[in-house]
Amino acid sequence: MKRRDFIIKTSQTGLALSALGAYAYKDLELLVPEEILNTEGLFFKISLAQWSLHRALRSGKMDNLDFATKSRSFGCEGLEYVSGFFKNKAKDLRYLKEMNSRANAEGQQNVLIMVDGEGNLADANLSKRLKAIDNHHKWVEAANYLGCHAIRVNLAGGVNEEDAVKSAVDSLEKLSEFAKGSNINVLVENHGGFSSNGAWMTKVFSKVRNKNCGTLPDFGNFCIRKDKDRNCLEPYDRYKGMQELLPYAKAVSAKSYDFDADGNETTIDYLKVMKMVKDVGYKGFVGVEFEGSNMSEEDGVKATRELLLKVGRQLS
């Protein structure tokens with residue numbers, strides 16, 4: 001494997017180069033501070049959500065195939081893809097093979113695909129929902145080819161709360177039954193609308209029977225309704241929501257927006273949330289998902305990962 005040298009420089013660490021000490025990251029040979037990269041003893045592993053780099057990807061400064069190398073440079077261990085960044089490649093086995101090759105070369109594990117834009121799974125109209133379910137089949141198959149354990153879906157399209165529960169359950173049952181044959185989990189994120197209401201999601205998952213169906217709780221997406229400027233009009237208590245979603249969790253998303261001088265997220269109590277994650281016995285990947293605008297995407301990813309390491313060590 002060709003050696004690459006990376007040095008993480010962040011204001012959050014406050015470390016000068018002369019104080020960095022020994023560098024190591026097992027066989028990946030990353031030249032980054034050992035105290036930053038060492039995740040031994042944590043109850044979770046750290047992945048990188050591709051959405052953290054959406055500005056670079058959308059502008060063309062970064063290509064989807066470069067994601068594995070980028071994740072490795074941050075010291076993350078897993079990859080959480082977004083379907084929109086390779087939306088025409090779900091059935092392109094040559095392209096998917098190259099994605100696998102890139103991930104393997106960088107020592108990264110393909111974790112999941114976040115699927116968007118494939119139809120509304122909570123729509124009351126059965127024919128529309130059946131079309132949406134069918135649209136997701138190719139992503140189940142792509143996730144299986146990539147060695148992921150899951151796809152993330154959205155429960156959008158509902159108008160009446162109770163009708164949306166019935167529609168969501170029906171869609172999830174049908175889709176997860178299809179995914180069962182590929183050993184893929186179907187996960188729902190709190191991602192706006194009824195899905196950002198923890199009580200509504202509890203109603204849905206109390207009725208879902210397939211064990212390969214669960215949630216992907218996101219620390220930050222607890223707004224049920226926004227105005228045209230995306231200001232939140234109807235927030236939902238994030239800590240209550242996390243408590244409600246975590247019993248069904250098969251993945252976790254560590255959303256972040258901004259950080260104070262001590263490296264803490266300014267709107268989310270990471271220690272409180274990660275204690276909830278630990279208390280339900282979750283031991284899988286926690287995905288870094290930076291969505292802020294007051295620092296670069298790269299700095300936001302580094303700050304989020306460092307905060308996860310800090311609270312993880314406090315809890316482990």
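Here's a quick briefing on the chain above, from the overall picture down to single residues.

What you're looking at is a predicted model, with 10 helices and 10 strands in the chain. Average pLDDT comes out at 90, and 88% of the residues score at least 70. The largest pocket holds about 800 Å³ of space, and 36 residues line it.

**Confidence and overall build**

- One stretch to treat with care is residues 1–36, where pLDDT stays under 50.
- The model still gives that stretch 67 contacts beyond four places in sequence.
- Of the chain's 316 residues, 54% are buried.
- Take the contacts between residues at least 6 apart in sequence: 77% of them join residues at least 24 apart.

**The largest pocket**

- Nearest the centre of this pocket you'll find His191, Asn221, Lys226, Arg230 and Glu291.
- Split by class, the lining comes to 11 nonpolar, 13 polar and 12 charged residues.
- Strand 7 (residues 223–226) gives the largest share of the lining, with four residues.
- Arg230, one of the residues nearest the pocket centre, sits in the loop between strand 7 and strand 8 (232–235).
- Arg230 counts as exposed because its relative accessible area is 60%, and the cut-off is over 50%.
- The backbone at Arg230 is worth a look too: phi is near 70 degrees, a positive value in a residue other than glycine.

**Other positive phi values**

- Asn183 isn't a glycine either, yet its phi is positive at about 55 degrees.
- You'll find Asn183 in the loop between helix 6 (161–180) and strand 5 (185–189).
- With a relative accessible area of 66%, Asn183 is exposed.

- Helix 3 (residues 67–74) is mostly covered, with six of its eight residues buried.
- Those buried residues are Phe67, Ala68, Ser71, Arg72, Ser73 and Phe74.
- Gln108 lies in the loop between helix 4 (93–105) and strand 3 (109–114).
- Despite that loop position, Gln108 counts as buried because its relative accessibility is 6%, against a cut-off of under 20%.
- Setting aside neighbours within four places in sequence, Gln108 is in contact with Ala68, Ser71 and Arg72, among others.
- Its other contacts on that basis include Cys76, Glu77, Gly78, Leu79 and Ala103.

- Glu289 belongs to strand 10 (residues 285–290).
- At a relative accessible area of 4%, Glu289 is buried.
- Beyond residues up to four places away in sequence, Glu289 touches Ala49, Trp51, Ser52, Met114, Glu189, Asp218, Ser253, Ala254, Lys255 and Ser256.
- Phe205 is part of helix 7 (residues 198–205), and a relative accessible area of 6% makes this residue buried.
- Phe205 and Val188 are 17 residues apart along the chain, and their C-alpha atoms are separated by 9.8 Å.
- Val188 is also among the contacts of Phe205, along with Leu172, Cys213, Gly214, Thr215 and Tyr248, once neighbours within four places are left aside.
- Leu307 is in helix 10 (residues 297–315), and with a relative accessible area of 2% Leu307 is buried as well.
- Between Leu307 and Phe259 there are 9.5 Å from C-alpha to C-alpha, though the two are 48 residues apart in sequence.
- Leu307 touches Phe259, and also Gly263, Asn264, Glu265 and Tyr270, not counting residues up to four places away in sequence.

Conventions. Residues numbered from 1 in each chain as written. Predicted model: local features only at pLDDT ≥ 70, side-chain atom pairs only at ≥ 80, totals over all residues. Heavy atoms only, no water. 1 Å grid on protein atoms, 1.4 Å probe; cavity = no way out; pocket = protein on both sides within 12 Å on 5 of 7 lines; lining within 4 Å. Points joined across faces, edges and corners; volume = space filled by probe spheres on them. Helix = DSSP H or I, 4+ residues; strand = E, 2+ residues; numbered from the N terminus. Nonpolar A, V, L, I, M, F, W, Y, C, P; charged D, E, K, R; others polar. pLDDT = per-residue confidence, 0-100. Contact = heavy atoms within 4.5 Å. Buried < 20%, exposed > 50% of the residue type's maximum accessible area, 1.4 Å probe, protein only.
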